[in-house]
Amino acid sequence: MTIKSIRGALLLAGVLFVTGLLALSTRSGYANHHKPAEMNKSITIMEPWVRAAPPVAKRTGGYLVIKNNADRDDALTAVSMDLPGMLEVHGMRTTNGMMEMFPLEMPVVIRAGETLTLQPGGKHLMLMNLKRGPQTGDRITFTLTFRHGGTHKVTAPVKESAGMGGMKMKH
Ligand SMILES: [Cu+2]
């Protein structure tokens with residue numbers, strides 16, 4: 001063995017050792033408890049948008065997709081927005097043949113590996129008590145807090161629809 005190859009072998013051994021330690025610590029959950037920066041990766045928020053509304057409108061819908069990447073259940077514990085007004089998570093149900101929406105009880109559980117889709121006609125964010133209906137081109141920032149996944153800020157563009165044609169919902 002040349003000096004160079006010995007050094008190479010030592011380096012490789014070192015890398016393998018450290019890699020082994022990391023694998024061990026991750027498996028035992030050590031890494032999760034001691035690296036807060038990585039906590040937020042367990043939740044991914046996608047495709048946020050808010051439906052444009054006439055200026056006099058007091059409420060409109062907000063939509064986004066939340067993915068729980070973790071191998072344990074998580075829960076959405078709080079929602080807020082950077083606008084004067086009130087923000088709720090709503091569900092849809094049929095009462096006497098009529099579709100109606102209602103505030104979901106918080107927290108909203110998102111099972112391990114599952115996705116919570118807030119979309120027109122289904123569960124949604126309800127922006128209420130607005131001073132002015134959001135206009136196309138506005139941007140609204142939501143803050144979503146999760147039991148395990150930390151706090152996430154997501155900025156949603158305001159638009160007429162998500163390109164789903166006639167799928168309109170009255171609020
Ligand atoms: Cu609603």
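**Reading strands, core and backbone**

Colleague: T60 lies in strand β2. How are strands and helices assigned here?

Modeller: Both are DSSP runs numbered from the N terminus: helices are H or I over at least four residues, and strands are E over at least two. This is a predicted model, in which local features need pLDDT of at least 70 and side-chain atom pairs count only at pLDDT 80 or more, while totals for chains, interfaces and linings use all residues. Residues are numbered from 1 along each chain as its sequence is written. The chain contains 3 helices and 10 strands, and their order along the sequence is α-α-α-β-β-β-β-β-β-β-β-β-β.

Colleague: Is T60 buried or exposed?

Modeller: A residue is buried if 20 or more other C-beta atoms, placed from the backbone, lie within 10 Å of its own; it is exposed if 12 or fewer do, and partly exposed in between. T60 counts as buried because it has 21 C-beta neighbours inside 10 Å. Between T60 and M126 the C-alpha to C-alpha distance is 6.1 Å, although 66 residues separate them in sequence. Across the chain of 171 residues, 16% are buried.

Colleague: Which strands does β1 pair with, and in what sense?

Modeller: Two strands pair if DSSP finds at least two bridges between them. Strand β1 (residues 43-51) runs antiparallel to β2 (residues 60-68), to which 6 bridges join it; within this pairing, T44 has K67 as its bridge partner in β2. With strand β10 (residues 150-159), β1 pairs in the parallel sense over 2 bridges, and V50 stands opposite V158 in β10.

Colleague: Which residues have the most contacts inside the largest nonpolar core?

Modeller: In soluble globular proteins, nonpolar side chains tend to be buried together. A nonpolar core is a set of buried Ala, Val, Leu, Ile, Met, Phe, Trp, Tyr and Cys residues joined through C-beta atoms within 7 Å. The largest one here has 17 residues, and L64, I66, L76, L125, F142 and A156 have the most contacts inside it. At least two residues of this core come from each of β1, β2, β8 (124-128) and β9 (139-146), with β9 giving the most, 4 residues.

Colleague: What is I66 in contact with, leaving aside its neighbours within four places in sequence?

Modeller: Two residues are in contact if their C-beta atoms, placed from the backbone, lie within 7 Å. Beyond those neighbours, I66 is in contact with I43, I45, L76, I110, T115 and L116. Over the whole chain, 71% of the contacts between residues at least 6 apart in sequence join residues at least 24 apart.

Colleague: Where is the peptide bond cis, and which residues have a positive phi although they are not glycine?

Modeller: The bond from M106 to P107 is cis, with omega near -5°; P107 is placed in the loop between β5 (98-103) and β6 (108-110). N96, in the loop between β4 (86-95) and β5, has a positive phi of about 50°. N129, in the loop between β8 and β9, has a positive phi of about 55°. N96 counts as exposed because it has 5 C-beta neighbours inside 10 Å, and N129 counts as exposed because it has 11.

Colleague: Where does pLDDT stay under 50?

Modeller: pLDDT is the predictor's confidence in each residue, from 0 to 100. The chain averages 83, and 71% of the residues score at least 70. Over residues 15-39 pLDDT stays under 50, and there the model has 5 contacts beyond four places in sequence.
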